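User: I would like to learn how to read a protein model step by step, beginning with the surface around the DNA and then moving on to contacts between side chains. Could you take me through it?

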There are 2 protein chains.
Amino acid sequence: MNKKRHSLKDIARELNVSVTTVSFVLNGKGKEKKISDEVIKKIQDYTRKINYRPNLVAQSLRTGKTKILVFMVEDISNYFFSKIARIIEDIAYKEDYKVLFCSNENNDDRSRELINLFYERQVDGFIIIPSPGIKDSIQMLINNNIPVVLFDRYFDDLDTNYVVIDNENSTHHGTQHLLSRGYRNIGFITIDVDQIQMKGRLDGYLNAITENKLKSYVLKIPYSETGSKNGKKQIQQFLQKNPDLDAVFFSTNYLTQIGLEVLREDHPRKLQEMGIITFDDNDLFKIYSPSISAVAQPLKKIGKELMKIMMEMLQTDKGIKSTRHVVLDTKLIPRDSSLPKEEKLMHS
Amino acid sequence: MNKKRHSLKDIARELNVSVTTVSFVLNGKGKEKKISDEVIKKIQDYTRKINYRPNLVAQSLRTGKTKILVFMVEDISNYFFSKIARIIEDIAYKEDYKVLFCSNENNDDRSRELINLFYERQVDGFIIIPSPGIKDSIQMLINNNIPVVLFDRYFDDLDTNYVVIDNENSTHHGTQHLLSRGYRNIGFITIDVDQIQMKGRLDGYLNAITENKLKSYVLKIPYSETGSKNGKKQIQQFLQKNPDLDAVFFSTNYLTQIGLEVLREDHPRKLQEMGIITFDDNDLFKIYSPSISAVAQPLKKIGKELMKIMMEMLQTDKGIKSTRHVVLDTKLIPRDSSLPKEEKLMHS
DNA sequence: GTGAAAGCGCTAACAG
DNA sequence: CTGTTAGCGCTTTCAC
């Protein structure tokens, strides 16, 4: 086996042709450039024989394109993000793009660092879930004519492409669902963060509650504490302080996980009796006992829309065309955890 | 805002110094090369002002290093893989490496394609869960002196670095656990694939069963069907055909998911009464009802060991030193699903 | 102390 | 039809 990589020059020398000829042939421009069949064949045979692999770094330097996209989310190991990642990956590979995944932990410094890093590395485009304070970095990318699509959330005062869901409507609908099933004291457990998607989710809940002249119960947990014991404790206290709650709405899937854990340990009875809805579905919620009703985001559609916008930008050379705003609907999947209240009480 | 990227040349011209000087200063070699403080300051101030970002592609072409690692798994959206991905990512970033994640679907063609792709792109190292038939591609990387670490499985007749767990021992132990809890007819549901880790898992189970002179019940499902209705159907049939089973051992987490779904839908009673163990833990198994006993892989340790070997190879220039073989222990986490058989029957 | 220049491997305009 | 050549942006040797 050959230890050294072959270069165009090596091949050219070996075959007594010029680098250009080899380059043309390998790029499929042999016919177009009217290179003789004989030479074409010679080159193809030889390169196949030595298993020639072009140096894409050199190619990138020359063309200015890396064929790499960045997909930046809060945490790639989170169900929602990793599922979308997988969809994006598949579409991208079909379009001959590779995808670099990274997690920013919803942290501005880390986000900025990552964006700079990949900017230096000349990636062709960014698909980003922005952390709260990185408007400047996003702006920088846009100024430098680099395709960016945000998703899950965006900045009100920054004109970017984005793909989001109708958060407000979704939680409004979910809350209505609980109300229609007879629940009256509905708690809302969410993340304490000043981001548009979370504000939307809270608003949807609050509106539904006020429209029905009911009392709202809101618990806000700092994002940084969702991984720690502290988050769990806050939910425990919230449930204890509000014993009259007959339903809870969790605004993200990791909160649901913590919440279920608390309910299971401290209030096994409530776990069966309370109405429960989670934002973001998970395969496992379906097979939980009780199965958990969920507001499911359209993962495939989100992935597709993101890539559609991205490919469009990538293809229209540097069109500073209008930005695309896509707002998708979610789907409420009623399961056992939000069965009518009386029914639940009967069973338990 | 400036539309164009700045290059070293631009800076040099602007500041009336040479490219070399700028390069030295930016690489922190100013002092070493005895460049005057004045010039150093001038360059630093200016580059900061225009927010100069070096072109890392050019740098890579020149140095031959990309500072990118590839992490290839079956499916990045799977819990086990995405958790490890996250750990690897964190370690890598600290070492100033970026990580490209990709999913090979345990498919040889896709694996080969991906490996070639990244090889062309000059990535510095590969961490791979190999699909069954890509020994040749792995060999190619090794021949070309590219650091490779396999994990989860390896090839018996290929001398590579790898990090795996003691599969045989783990399932043996798990099966023993079920036996000690009074279960006698234990089924083993696994993937039909000729790979070392799955063979180990099956062997561990079979050995435990034979040692105790019991009957084995094995269901092998093709990997390709685990995502489809077909896989579900096979489990359904398996359970129907073997009504005397009092316990099941699932050999991977996605099989467990399907299995739980089947049990929940078709045999809610069995779900409570049967002994259940899963290979690969998941946060949600802990809060399931019943909580599911699991053979947990040491995710952090796996990630750390992988990166330790990788960094070692990356640093020792081209040392063809001996290959590293790391075999880690798993941890059996007994939960409610494997409570003593009598206890379970009493409760239900 | 600083600069000129070669070269990493590739593309493509231009020349013949 | 094929070859020469100028870069892409950077690092680094060698020269002054």
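User: Which helices of chain A and chain B each supply at least two residues of the surface near DNA strand C?

Analyst: Before the answer, a word on the source: this is a predicted model, in which local features need pLDDT of at least 70 and side-chain atom pairs count only at pLDDT 80 or more, while totals for chains, interfaces and linings use all residues. Residues are numbered from 1 along each chain as its sequence is written, chains are lettered from A and ligands numbered from 1 in the order in which they are written, and side-chain values use heavy atoms, with hydrogens and water left out. A residue is near a strand if one of its heavy atoms lies within 4 Å of it, and helices (H or I, at least four residues) and strands (E, at least two) are DSSP runs, numbered from the N terminus. Here α1 (8-15), α2 (19-26) and α4 (56-63) of chain A, together with α2 (19-26) and α4 (56-63) of chain B, each supply at least two residues of the surface near DNA strand C.

User: How many residues surround DNA strand C, and which are the closest?

Analyst: There are 26 residues around DNA strand C, and the closest are A:Leu8, A:Tyr52, A:Arg62, B:Ser18 and B:Thr20. A surface can also be described by residue class, where Ala, Val, Leu, Ile, Met, Phe, Trp, Tyr, Cys and Pro count as nonpolar, Asp, Glu, Lys and Arg as charged, and the others, Gly among them, as polar. By class, nine nonpolar, eleven polar and six charged residues make up the surface near DNA strand C.

User: What parts of DNA strand C come within 4 Å of the protein?

Analyst: Of the DNA strand C atoms within 4 Å of the protein, 63% belong to sugar or phosphate and the rest to bases.

User: Which residues come nearest to DNA strand D?

Analyst: Around DNA strand D there are 27 residues, of which A:Thr20, A:Arg62, B:Leu8, B:Tyr52 and B:Arg62 come nearest. The largest share of this surface, four residues, comes from α2(B). Phosphate oxygens of DNA strand D lie 2.7 Å from a backbone N or O atom of A:Ser18 and 2.6 Å from a backbone N or O atom of B:Leu8.

User: Is B:Asp152 buried or exposed?

Analyst: Buried means under 20% relative accessible area, exposed over 50%, and partly exposed in between (1.4 Å probe, protein chains only). B:Asp152 is buried, at 7%, and B:Arg201, with which B:Asp152 forms a salt bridge of 4.0 Å from N to O, is buried at 2%.

User: How many aromatic pairs are there over all chains?

Analyst: A pair of aromatic rings is described by the distance of the centres and the angle of the planes. Rings of Phe, Tyr and Trp (its six-membered ring) pair if their centres lie within 6.5 Å; planes under 30 degrees apart count as stacked, over 60 as edge-to-face and the rest as tilted. The count is 16 aromatic pairs over all chains. The rings of A:Tyr223 and A:Tyr254 have centres 6.0 Å apart and planes at 85 degrees, so the pair is edge-to-face.

Terms used:
Polar contact = N/O pair within 3.5 Å; in protein donor to acceptor, adjacent residues only side chain to side chain. Salt bridge = Lys/Arg side-chain N within 4 Å of Asp/Glu carboxyl O.
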